[in-house]
Amino acid sequence: MFLTNILLKKAKSKNILVLMESAVSGHQFLKIRERLADKLEMIRFDPYIQRNSLYKERKRVRSLN
């Protein structure tokens with residue numbers, strides 16, 4: 001491998017954008033997390049059912065700079 005290929009390689013970003021979805025109603029929103037962190041789970045207010053509910057990470061949307 002040539003030295004120029006190593007120098008021109010693109011670095012991976014530190015953060016990624018992920019889709020969070022409610023386990024109860026299916027309400028979704030986007031959240032930023034670090035690339036190397038575990039998958040997110042959080043309790044947050046769900047506007048569809050007007051209560052707090054569990055949100056789980058469903059998929060990665062894109063990487064951020």
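Student: In the hairpin of E1 and E2, which residue takes a positive phi, and how many residues lie between the strands?

Tutor: Glycine 26 takes the positive phi, near 90°, and five residues lie between the two strands. Please note that this is a predicted model.

Student: Which sense do E1 and E4 pair in, and over how many bridges?

Tutor: They pair in the antiparallel sense over eight bridges. Within this pairing, glutamate 21 has lysine 56 of E4 as its bridge partner.

Student: Why is E1 called mostly covered?

Tutor: Six of the eight residues in E1 are buried. A residue is buried when its relative accessible area is under 20%. In the protein of 65 residues, buried residues make up 23%.

Student: Why is the contact between glutamate 21 and arginine 58 called a salt bridge?

Tutor: The definition asks for a side-chain nitrogen of Lys or Arg within 4 Å of a carboxyl oxygen of Asp or Glu. For glutamate 21 and arginine 58, the closest N and O atoms are 3.1 Å apart, so the contact qualifies as a salt bridge. Because glutamate 21 lies in strand E1 and arginine 58 in strand E4, the pair ties together parts that are 37 residues apart in sequence.

Student: Why does arginine 58 count as partly exposed?

Tutor: Its relative accessibility is 43%. Buried requires under 20% and exposed over 50%, with partly exposed in between, so arginine 58 at 43% is placed in the middle class.

Student: How many salt bridges does the whole structure hold, and what is known of the other one?

Tutor: The search finds two salt bridges. Glutamate 57 forms one with arginine 33, and their closest N and O atoms are 2.9 Å apart. Glutamate 57 is in strand E4 and arginine 33 in strand E2, so this pair ties together parts 24 residues apart in sequence. Both residues are buried.

Student: Why is the pair of phenylalanine 29 and tyrosine 55 called edge-to-face?

Tutor: The structure holds one aromatic pair. The ring centres of phenylalanine 29 and tyrosine 55 lie 5.1 Å apart and the ring planes meet at 70°, so the pair is edge-to-face. The limits are centres within 6.5 Å and planes over 60 degrees apart. The pair links distant parts of the chain, with phenylalanine 29 in strand E2 and tyrosine 55 in strand E4, 26 residues apart. Both phenylalanine 29 and tyrosine 55 are buried.

Student: What sits over the ring of phenylalanine 29?

Tutor: The charged end of arginine 44 sits over that ring, 3.9 Å from its centre.

Student: How do you know that E3 and E4 are paired?

Tutor: Six bridges join strand E3 to E4, and the strands run antiparallel. The requirement is at least two bridges, so E3 and E4 count as paired. In this pairing, methionine 42 stands opposite tyrosine 55 in E4. E3 and E4 form a hairpin with four residues between them.

Student: What makes glutamine 50 worth a remark?

Tutor: The phi of glutamine 50 is near 60°, a positive value in a residue other than glycine. Most residues other than glycine have a negative phi. Glutamine 50 is found in the loop between E3 and E4. With a relative accessibility of 56%, glutamine 50 counts as exposed, because the cut-off is over 50%.

Student: Why is aspartate 38 also called exposed?

Tutor: Aspartate 38 has 67% relative accessibility, so it counts as exposed. Its place is the loop between E2 and E3.

Student: Which residues form the nonpolar patch on the surface?

Tutor: Val24, Tyr48 and Ile49 form the patch, with about 320 Å² of accessible area together. Valine 24 lies in the loop between strand E1 and strand E2, and is exposed with a relative accessible area of 57%.

Terms used:
Residues are numbered from 1 along each chain as its sequence is written. This is a predicted model: local features need pLDDT of at least 70, side-chain atom pairs count only at pLDDT 80 or more; totals for chains, interfaces and linings use all residues. Side-chain values use heavy atoms; hydrogens and water are left out. Patches are made of residues with over 30% relative accessible area and no salt bridge: like charges are joined within 9 Å, nonpolar side chains (Val, Leu, Ile, Met, Phe, Trp, Tyr) within 5 Å. Accessible areas come from the Shrake-Rupley method with a 1.4 Å probe; for residues, only the protein chains shown count as cover. Buried means under 20% relative accessible area, exposed over 50%, partly exposed in between (1.4 Å probe, protein chains only). Rings of Phe, Tyr and Trp (its six-membered ring) pair if their centres lie within 6.5 Å; planes under 30 degrees apart count as stacked, over 60 as edge-to-face and the rest as tilted. A charge sits over a ring if NZ of Lys or CZ of Arg is within 6 Å of the ring centre and within 35 degrees of the ring normal.
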